[in-house]
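Work through the following exercises with the sequence and the model side by side. Each task is followed by a solution that goes step by step.

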Amino acid sequence: EDSFQKSSTLIKAEELQRFSVESTITRCKKCTNSCLLTVNCFSDGRKLITGNRCERGAGHEKAEDIPNLYQYKQERLFGYAPLERDKAYRGTIGIPRVLNMYENYPFWFALFTELGFRVELSPVSTRSIYELGMDTISSDTACYPAKIAHGHIVSLINQGVKHIFYPCIPKERIEYESADNCFNCPIVTGYAEVLKANMDILKEQGVKLLNPFLPYHNEKKLKKRLYEELKEFSVTMSEIEKAVAKGFAEDQKIKKDIRQKGEAVIRWLKENGRIGIVLSGRPYHLDPEINHGIPSIITSLGMAVLTEDSIAHLGHVERPLRVLDQWMYH
């Protein structure tokens, strides 16, 4: 009986006469998925958004600060301020934000800065950067992280850079002494050769791509090879030795920071009774154009995101393994 005394929540007849809805199509800009949204705006001020693949696209931003180590690592890796032009007595050197630079950039930034170069980095990856270099891609079967490197080279050229440094690195610094080896995958090892052979814009714009094969895993041999490769800049061996030491010191510092951050996130999870996801992949999966916003989707669901290198030091691998452990970043 009480139900007949309550007012209906249905729209009134006179309100129905004034009712209207306007629909617009737009792209969500809150991650690289760029979802196509249909935004329906009603005459009473309410909105209905469809086409979104997460809460952010629907306009439901979470105010809670959820740890995201993908975001932290990316900002920490590339957050260095280059030398001012008037202080860079050896000029400018460009470095593309691609592939193994998502692991080794701190080393190269510290090294070239110590040698008196202004280090210019290519921009954060976008679809438009990929399109800048897509006409020079020589193989459809190469992975997207390799293909997008062409666009980053064009971006650096468009920035006015005349010397680009992107070395070929067959082996990384070994992470675990018990690992069988520390090879990079063939794409990471030699993709700079592909760029050099297929990008005519380098010659057309008078840009020199420095892409030496370097023994990054052997500090003594690395110094000798860098001395040979940087002779045109009149770099002395004593300068090389000091710069390499600075580079590896910075490399170890950032790795320590990331491990400490991982431990802090684990403490946060325990204290708050929350769930964390280790989003594991190669270093270049930090690239938002490559990970397609997956870290943000996870944090939007209230779960923390950890990188594999932030917590790997806490584990203990029982050996021997049943696989050949020769590739880096396993």
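Rings of Phe, Tyr and Trp (its six-membered ring) pair if their centres lie within 6.5 Å, and planes under 30 degrees apart count as stacked, over 60 as edge-to-face and the rest as tilted. This is a predicted model, in which local features need pLDDT of at least 70 and side-chain atom pairs count only at pLDDT 80 or more, while totals for chains, interfaces and linings use all residues. Residues are numbered from 1 along each chain as its sequence is written, and side-chain values use heavy atoms, with hydrogens and water left out.

**Exercise 1.** Count the aromatic pairs, then describe the one formed by Phe107 and Trp108.

*Solution.* By the ring rule, the count comes to 18 aromatic pairs. Phe107 and Trp108 form an edge-to-face pair, with 4.8 Å from centre to centre and 80 degrees between the planes. Phe107 counts as buried because its relative accessibility is 0%, where buried means under 20% relative accessible area, exposed over 50% and partly exposed in between (1.4 Å probe, protein chains only). Trp108 is likewise buried, because its relative accessibility is 0%. Both rings belong to one aromatic cluster, which also includes Phe112, Phe165 and Phe248.

**Exercise 2.** Describe how helix 3 packs against helix 9.

*Solution.* Helices (H or I, at least four residues) are DSSP runs, numbered from the N terminus. The axes, which are lines fitted to C-alpha atoms over the stretch in contact, with angles from 0 to 180 degrees between N-to-C directions, come within 8 Å for helix 3 (residues 101–114) and helix 9 (residues 237–272), and they cross at roughly 145 degrees.

**Exercise 3.** Find the residues through which helix 2 touches helix 3.

*Solution.* Helix 2 (residues 69–78) and helix 3 pack at an angle of about 35 degrees, with their axes 8 Å apart. Lys73, Leu77 and Phe78 of helix 2 make the contact with Met101, Tyr102, Glu103, Tyr105 and Pro106 of helix 3.

Terms used
Helix = DSSP H or I, 4+ residues; strand = E, 2+ residues; numbered from the N terminus. Contact = heavy atoms within 4.5 Å.
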